Amino acid sequence: MSATITAPRPTGGSKLSTGGVIRSEWIKLRSVRSTIWSYAIVIAVSVGMALLLSALTNFGDTTVPADQHSTILLQAATFGIYFGQLVVAVLGVLVISGEYSTGMIRSTLTAVPKRLPALAAKAFVLFATTVVVGLVASFLSLLIAVPILAGKGIDADFSDGSLIANVALSALYLGLVAVFSLGVGTVLRSSAGGIAAALGVILLLPTVLQVFAGITQAQWAVDVMPYLFSNAGLSIFTPSFDGSGPEQWQNLLIVLVWTAVSLAAGALLIKRRDA
Amino acid sequence: MIKAEGLTKRYGAKTAVNDIDFTVKPGMVTGFLGPNGAGKSTTMRMIVGLDRPSSGSVTVNGKPYAEHAAPLREVGALLDAKAIHTGRSAYNHLLAMGATHGIGKSRVDEVIGLTGLESVAGKRVGGFSLGMGQRLGIAAALLGDPATLILDEPVNGLDPEGVMWVRQLARHLASEGRTIFLSSHLMSEMALTADHLIVLGRGRIIADAPVADILASSTRTAVKLRSPRAEQLAQLLQGADVTITTTEHEALTVTGLTAPFIGDAAARAGIPLHELTPVSASLEEAYMELTQDDVEYHAGGAAAVGVAAPTNTEEVAR
């Protein structure tokens, strides 16, 4: 054996860093097709819905009161979010469950052995990207709805900024849906299970509770209703007409709690479990 | 340098790795050998912190793996060729892995060249053969130019050229003073690649010695011979510690006697010899002797110990 036992030579060089882990997660997110498809669908559906809704709006001869113009515009611009939230929920689950199903998670956790920075970076990148996509989708939708509805006597009023703010808040909600679903996917580690659970919470839970409340007349079910993830979420950017129910910031808080709990559960388990 | 102390992993009632101590030294290739299910993969996963030990500890270059400031520069690990997202291209996989440590495109291109993946780097990993997946896994392990390399069954699925390449790579990296820890259930592979062997059976270390020592300790030093009067010669050689088997027509394998002794005996009796070959025990045989009581999954029925058991599907399938 002609081994020259040189001292192991870490050639210096760069170290594991937060910025690096974030860059890594960004490369991962942009380099799989499901991401591209999901975001394309979010934008297409949002724009399509805005187009459809504004084009089909018909008030006949009635004059719409001026204080309702903003609400109608907001509805047209954000109607696609109802569908977009489902797509984004699936994406949020897949971002992590795809790593578990392919075994990629072992590569990820070998590169970032403390684990939590990897999950945090995933959450951050997913949130930021989804919010940006949400902003593009909803403002494009607004841009399309404004001229069409103007032709029908609905004038956009940007003076108090609340229309712009609400459209922006819809994108924020989309970002939180993605992170909530990421937490669910981290806990369940399976694409099928994760998607079922995330969509169950977002889509099914409000319906089931609604039916349950209708049948049993149980007051608690009615009381709980506003605190459900998607009920609160959709109310972040749609102020209630009569001022009942939690205010917008309270709804945001409710959704933040859901998201935090989901992500914290994921963080706890990813740290503890063998990968 | 990898150092394990009292390393133990239990899954429920089953103990996969049972209180093992070992040191893997730099500057040589250390083979990690054992039947399927012996605990090799579990041990390697504990080294890089993917599995948490039930008790005991393992350090790499003096620290637990996760405590290093640049883990990928300390240890490169190929634990599972399939630990790669199937929807991502090989290039993007390496780029993402490297990005965590600020390792850029030039190094990614370098390891792609080193592993011969240029033509498929832009393709999605889902379509890769086992061999290409293995090469990509090795490329990822080399990304950080690490001082320690852990390769779990690296030649699995590789073609002969690939096997040769891994062998030379391992030897070359060891000669640069790096620590190379290589697992296999194929002893023949280890005989060609490793300097030192750690043999694991049922979660315990059953041998930890240089390859040469393990070979020498084997009791099965045999002599092959060929003679037109083989039967007569067999009778002549019979003795207490002597085993004679007829391998084919007019050919015998004798253990327990030396070649000169047999040659002299044949000459005295006037029996012509057409062949007389001392056969040093193969590592395979030495290994079989070591592990025959520790094989977790025996091939059923007639397959006797000493016959290379069909590879168990458990590890192969993963």
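Me: Among contacts in chain A between residues at least 6 apart in sequence, what percentage join residues at least 24 apart?
Reply: Two residues are in contact if their C-beta atoms, placed from the backbone, lie within 7 Å. This is a predicted model, in which local features need pLDDT of at least 70, side-chain atom pairs count only at pLDDT 80 or more, and totals for chains, interfaces and linings use all residues. Residues are numbered from 1 along each chain as its sequence is written, while chains are lettered from A and ligands numbered from 1 in the order in which they are written. For chain A, the percentage of such contacts that join residues at least 24 apart is 84%.

Me: Which elements, and how many of them, make up chain A?
Reply: Helices (H or I, at least four residues) and strands (E, at least two) are DSSP runs, numbered from the N terminus. The C-alpha trace of chain A spans about 95 × 45 × 30 Å along its principal axes. Its elements are zero strands and ten helices.

Me: Is A:Thr110 buried or exposed?
Reply: A residue is buried if 20 or more other C-beta atoms lie within 10 Å of its own, exposed if 12 or fewer, and partly exposed in between, with C-beta atoms placed from the backbone. A:Thr110 is found in helix α4 (residues 104–111) of chain A. Because A:Thr110 has 28 C-beta neighbours inside 10 Å, its class is buried.

Me: With which residues is A:Thr110 in contact, leaving aside its neighbours within four places in sequence?
Reply: In sequence, A:Thr110 and A:Ala275 are 165 residues apart, yet their C-alpha atoms are 9.7 Å apart in space. Beyond its neighbours within four places, the contacts of A:Thr110 are B:Val48, B:Leu50 and B:Ala77.

Me: Which helix supplies the largest share of the side of chain B that touches chain A?
Reply: In all, 45 residues of chain B are in contact with 41 residues of chain A. At least two residues of that side of chain B come from each of α2 (71–74), α3 and α6 (160–175) of chain B. The largest share, five residues, comes from α3(B).

Me: What is the order of the open sheet of three strands in chain B?
Reply: Two strands pair if DSSP finds at least two bridges between them. Strand β1 (residues 2–11) of chain B is joined to β2(B) by seven bridges, and the two run antiparallel; B:Leu7 has B:Ile20 in β2(B) as its bridge partner. Since β2 (14–24) and β4 (55–60) of chain B each have a single partner strand, they stand at the edges, with one side of each left without a neighbour in the sheet. The order is therefore β2-β1-β4 (chain B).

Me: How far apart do the C-alpha centres of domain 1 and domain 2 of chain B lie?
Reply: Domain bounds come from an automatic or database domain assignment. For chain B, this assignment gives domain 1 (2–211) and domain 2 (222–279). The distance between their C-alpha centres is 45 Å.
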